[in-house]
Amino acid sequence: MSEERFGEFVVVRRPGEGHVAELVLDRPKAMNAVSSEMARSIAGACAALAGDQGVRVVVLTSTHERAFCVGADLKERNSLTDAELLRQRPVARAAYGGVLALPVPTIAAVHGFALGGGFELALSCNVIVADGTAVVGLPEVSVGVIPGGGGTQLLPRRVGAARAAELIFTARRLEAAEARETGLINVLVDTGRDREEALALAARMAANSPVGLRAAKRALRLGHGLDLATGLEVEDAAWRTVAFSGDRAEGVAAFNEKRAPRWPGE
């Protein structure tokens, strides 16, 4: 297991073997509230992961026992002038955008509070695994702002426009069982097992073709919201990037030879 720290509050762990990377939120004294410094670190870690061809899946985790992330650092925000807040905006957007733009499948492992920007980090992932302690929501209108880390766009894509509107306008928090029933999280696991289960799911994903995983994610992301005919063209373009790849040749050969594939990753 290797570790690389990005600033004071973010760690990237890579196992000695395998292709799963763990992006760890590590600001426990503030329940992982996202300060400007932490936002820069998240963006930097995402840039490094995006450029690492050995990474097939990224899991977003937290070191805090009672929180995934409680959102933006409101103490810092309270100290900013209007001009400083305006300058800080691209810094914050780069953090959320960095997670959203990762070219490989992403999984959030959520326990405890995942609120505001914290839940938006999770929403930026493809899959959310949560344990029974999870409490999620977008409470921004209760403090005079709106979800600004992608929440107004990502939540409707998960649960539909009407349900998203109700949750955003009421600033309501949902506990784990209701969040699962509503579709805010994908997988509900036993208390204390969110990280373990997320890493296990990531390992199952990472056993597949790295070329295929990246192309499938690209097709899913670019095709969402398009009309069917246009979406199928997006899918066809992604298919063409894998159809003549070494991974495709190896996958077919391994299937016919009844053995595990040895992906060349190209």
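Tutor: The discussion below sets values against definitions. This is a predicted model, in which local features need pLDDT of at least 70, side-chain atom pairs count only at pLDDT 80 or more, and totals for chains, interfaces and linings use all residues. Residues are numbered from 1 along each chain as its sequence is written, and side-chain values use heavy atoms, with hydrogens and water left out.

Student: Why is Arg14 called buried?

Tutor: Buried means under 20% relative accessible area, exposed over 50%, and partly exposed in between (1.4 Å probe, protein chains only). Arg14 has a relative accessible area of 18%, so Arg14 is buried.

Student: What makes the pairing of Arg14 and Asp52 a polar contact?

Tutor: A polar contact is a pair of N or O atoms within 3.5 Å; within protein, one must be able to donate a hydrogen and the other to accept it, and residues adjacent in sequence count only if both atoms are side-chain atoms. The side chains of Arg14 and Asp52 are joined at 3.0 Å.

Student: How do you know that the span of helix α9 is close to the expected one?

Tutor: Helices (H or I, at least four residues) are DSSP runs, numbered from the N terminus. The expected span is 1.5 Å times one less than the number of residues. Helix α9 (residues 210–223) has 14 residues, and its reach of 20 Å from first C-alpha to last is close to the 20 Å expected.

Student: Which residues of α9 are buried?

Tutor: Among them are Val211, Leu213 and Ala215.

Methods. Helices (H or I, at least four residues) and strands (E, at least two) are DSSP runs, numbered from the N terminus.
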